[in-house]
Amino acid sequence: MHEMSIAQSLLNIILQEGATHQIRRVVSVALKVGELSSVVPESLRFCFELIAQGTIVEGAELQIERVPVTCRCEDCGTQFSVEHLLFVCPSCHSRRVEVLSGRELNIQSLEAE
Amino acid sequence: MRTVPVVRNILEANQRLAEENRKVFRDAGLFVINLMSGPGAGKTSLLERTIDGLRGQVRIGVIEGDIQSTYDADRISQKGAQVVQLNTGGACHLDGNMIKSALEPLDLERLDLLVVENVGNLVCPAEFNLGEDMKVMILSVAEGDDKPLKYPLMFQTSAVLLINKVDLLPYVDCDVKVMRERALQLNGDLTIFEVSCRTGQGLEAWFQWLREQVAMRKAKGDGAKA
């Protein structure tokens, strides 16, 4: 439900970059969205399409790469992927873990003219 | 056609505002929590109990976030605490900018603890930092022990989970042991309190935790890191 705020923030960044790099038209936008973030890609696409109308980014495709959740155990140092939302070290079963990836909500690049 | 690299966090504008808020809170020596839960889990009831329980010990201010109405702010105001009502007008969460705009009427120097009561929602508020020290969430037993599985981000990012309405356990199909285990699998660092805001059960442990956090904030002084 908060995808509209995220789409608005994304549009602001693209318009800033568009001015900096003298972009006439954006064809596609590459994003990284972590699996742990609560963003629904379809909703984000829908909201973005709506608010991008009439701007340099109207009609651009959002290429959304999902980033898997990975952690590092703070007790034994093992790095592991989180499966089934189990934030527990597979080696020593410690629950003291640091999240390394999976919370991303980043813009990576623009394909532009 | 060309590729323009732009590596930026989409929520960077909110992060910046949250950091500005954090600086204001630190300068005032305030301990700040972002209180989140689904609708009706007991955020406002917990605040009413907490204001009463810590009266004369911890000076509490509240920012009330709701889509509509001043109902919650009126409840808090009756308890004698400083309160500001924010109406988001439809938005499902609070953000750094809304908090910044809400600070002006508050006399921060006369507060020890500021609680931001977020909009009732188990999803969106978890994504937006406000400048708080900690996220605290409530899950009531009436909502069921499956909620950690369904709303992982909120459990993953919270420091404290209050399991509320434990007085209803005889009447609902909720296994608190299962609820705790599912929450801890998402976040082994969670501090968990089992409480009832209706009967008062378990609340003293929560009050004591708050007293300690406020004392630690004071001891660290201005500009200290969390």
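B:Asn164 lies in strand S7 (residues 160–164) of chain B; helices (H or I, at least four residues) and strands (E, at least two) are DSSP runs, numbered from the N terminus. The model is predicted, so local features need pLDDT of at least 70 and side-chain atom pairs count only at pLDDT 80 or more, while totals for chains, interfaces and linings use all residues. Residues are numbered from 1 along each chain as its sequence is written, chains are lettered from A and ligands numbered from 1 in the order in which they are written, and side-chain values use heavy atoms, with hydrogens and water left out.

B:Asn164 counts as buried, at 3% relative accessibility. Buried means under 20% relative accessible area, exposed means over 50%, and partly exposed is in between (1.4 Å probe, protein chains only). The side chain of B:Asn164 reaches the backbone oxygen of B:Ala41 at 2.9 Å. Contact here means heavy atoms within 4.5 Å. Leaving out residues up to four places away in sequence, B:Asn164 touches B:Ala41 and B:Gly42, the run B:Ile138, B:Leu139, B:Ser140 and B:Val141, and also B:Val195, B:Ser196 and B:Cys197.

Strand S2 (residues 31–37) of chain B is mostly covered, with 7 of its 7 residues buried. B:Phe31, B:Ile33, B:Leu35 and B:Ser37 point one way from S2(B). B:Val32, B:Asn34 and B:Met36 point the other way. Two strands pair if DSSP finds at least two bridges between them. S2(B) pairs with strand S5 (residues 113–117) of chain B in the parallel sense, over 5 bridges. In S5(B), B:Leu113 is the bridge partner of B:Phe31. S2(B) also pairs with strand S6 (residues 134–140) of chain B, again in the parallel sense and over 5 bridges. There, B:Met134 in S6(B) is the bridge partner of B:Ile33.

The two chains also meet. The contact takes 31 residues from chain B and 35 residues from chain A. The area buried between chain B and chain A is about 3100 Å², of which carbon and sulfur atoms give 58%. Buried area is the accessible area (1.4 Å probe) that two parts lose on being put together, summed over both. In chain B, B:Arg2, B:Arg8 and B:Ile10 lose the most area to chain A, together 24% of what that side buries.

Polar links cross this interface. Between chain B and chain A, 14 residue pairs are in polar contact, both residues at pLDDT 80 or more. A polar contact is a pair of N or O atoms within 3.5 Å; within protein, one must be able to donate a hydrogen and the other to accept it, and residues adjacent in sequence count only if both atoms are side-chain atoms. On the side of chain B that touches chain A, the elements giving two or more residues are strand S1 (2–9), helix H6 (152–157) and helix H7 (176–186) of chain B. S1(B) provides the largest share, 8 residues. The residues of this side divide into 17 nonpolar, 8 polar and 6 charged. Ala, Val, Leu, Ile, Met, Phe, Trp, Tyr, Cys and Pro count as nonpolar, Asp, Glu, Lys and Arg as charged, and the others, Gly among them, as polar.

Strand S6 (residues 105–112) of chain A and S1(B) run antiparallel, joined by 6 bridges. A:Glu111 stands opposite B:Thr3 in S1(B).

The rule finds 3 salt bridges across the interface of chain B and chain A. A salt bridge is a side-chain nitrogen of Lys or Arg within 4 Å of a carboxyl oxygen of Asp or Glu. The side chains of A:Arg95 and B:Glu181 meet in one such bridge (2.4 Å, N to O). A network of salt bridges links A:Glu17, B:Arg8 and B:Glu12.

Over all chains, the count comes to 26 salt bridges. A:Glu113 forms one with A:Arg25, the closest N and O atoms being 3.3 Å apart. This pair links distant parts of the chain, 88 residues apart. A:Glu113 lies in the segment after S6 of chain A, and A:Arg25 in the loop between helix H1 (3–20) and strand S1 (26–34) of chain A. A:Glu113 is partly exposed at 30% relative accessibility, and A:Arg25 is partly exposed at 40%.

In chain B, B:Asp52 and B:Lys79 form a salt bridge, with the closest N and O atoms 2.9 Å apart. B:Asp52 lies in helix H2 (residues 43–53) and B:Lys79 in the loop between helix H3 (71–78) and strand S4 (82–87) of chain B, so the pair ties together parts that are 27 residues apart in sequence.
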